[in-house]
Amino acid sequence: MSQRQSKSVEAGSRENERRHTILRAAIDVFARKGYHGCRIADVAREAGVAYGLVYHYFKNKDELLETVAETGWGGFVSRIRAVAEEESSSLEAKVRGIADVAFEAYRVDPRAVKVLILEIARSPAGGHVASRQQAFLDVIRMAADMFARAQAAGQLRPELDPMLCASLLCGSIEMGLTAFVSGLMEDRSPEALDRAKAQIAESFLRGVLPSSAPLTETSWKQESPSSGTKPKVGKRV
């Protein structure tokens with residue numbers, strides 16, 4: 001590689017790093033202040049860069065949010081596809097795997113998941129909402145294909161509609177995550193996340209698996225509270 005080529009590669013690497021830093025800062029600010037409360041100046045301050053540099057990479061906060069949506073949903077859809085199309089796994093394993101992908105995304109980057117679930121829907125720019133809806137529909141269609149294949153193999157009750165099964169599963173997972181990102185669930189520990197994803201998966205599976213197929217896991221159950229003690233519930237906000 002020539003010296004000129006080497007400098008070009010280094011410059012490109014710096015550009016990508018700066019862009020990533022700004023995008024990461026935007027996620028944090030969107031999660032903390034919301035779409036309407038976020039300003040480009042806030043993003044620049046969070047990223048530790050000059051105000052004008054943000055506009056070098058993104059023309060406004062709508063484009064910032066659009067990039068967050070494209071990046072976040074793109075990675076999520078690809079991971080769901082890998083689980084749904086795994087031929088050697090049972091339907092139960094796939095349902096648990098899809099729930100695991102969603103809750104692992106929240107465990108690793110809760111602010112990004114909060115932005116994807118809450119803030120994109122609040123944006124006045126229709127493109128953000130449309131991209132979110134399209135990504136969600138893509139996941140539902142993949143899950144519907146997964147349920148159709150399972151039904152043909154006798155792993156799904158024959159009277160059920162695969163598309164409705166997919167919609168119910170995706171809706172349950174989204175609302176479960178919403179309870180965490182909105183603050184309804186006070187306990188956000190790894191243990192609480194594990195219980196939540198297991199509860200969602202098992203509650204769903206009990207309605208779709210043939211009666212002759214017992215569940216292999218019941219990890220979400222907890223000991224009953226002692227007499228006279230009220231169970232804890234999520235915090236209202």
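So, glutamate 87: at 78% relative accessibility, this residue counts as exposed, where exposed means over 50% relative accessible area, buried under 20%, and partly exposed in between, with a 1.4 Å probe and protein chains only. Glutamate 87 sits in the loop between helix H4 (61-84) and helix H5 (91-108); helices here are DSSP runs of H or I, at least four residues, numbered from the N terminus.

Quick caveat: this is a predicted model, so local features need pLDDT of at least 70 and side-chain atom pairs pLDDT 80 or more, while totals for chains, interfaces and linings use all residues. Numbering starts from 1 along each chain as its sequence is written, and side-chain values use heavy atoms, leaving out hydrogens and water.

Now, salt bridges, meaning a side-chain nitrogen of Lys or Arg within 4 Å of a carboxyl oxygen of Asp or Glu. By that rule we get 16.

Take aspartate 42 and arginine 45: their closest N and O atoms are 3.2 Å apart. They're three residues apart in helix H2 (residues 40-47), so about one helical turn separates them. Aspartate 42 is buried at 4%, whereas arginine 45 is exposed at 57%.

What about arginine 96 and glutamate 202, buried or exposed? Both are buried. They form a salt bridge too, with the closest N and O atoms 3.4 Å apart. Arginine 96 is in helix H5 and glutamate 202 in helix H9 (residues 190-208), so the pair ties together parts 106 residues apart in sequence. And salt bridges with shared partners join Arg24, Asp28, Asp109 and Arg111 into one network.

Terms used:
Helix = DSSP H or I, 4+ residues; strand = E, 2+ residues; numbered from the N terminus.
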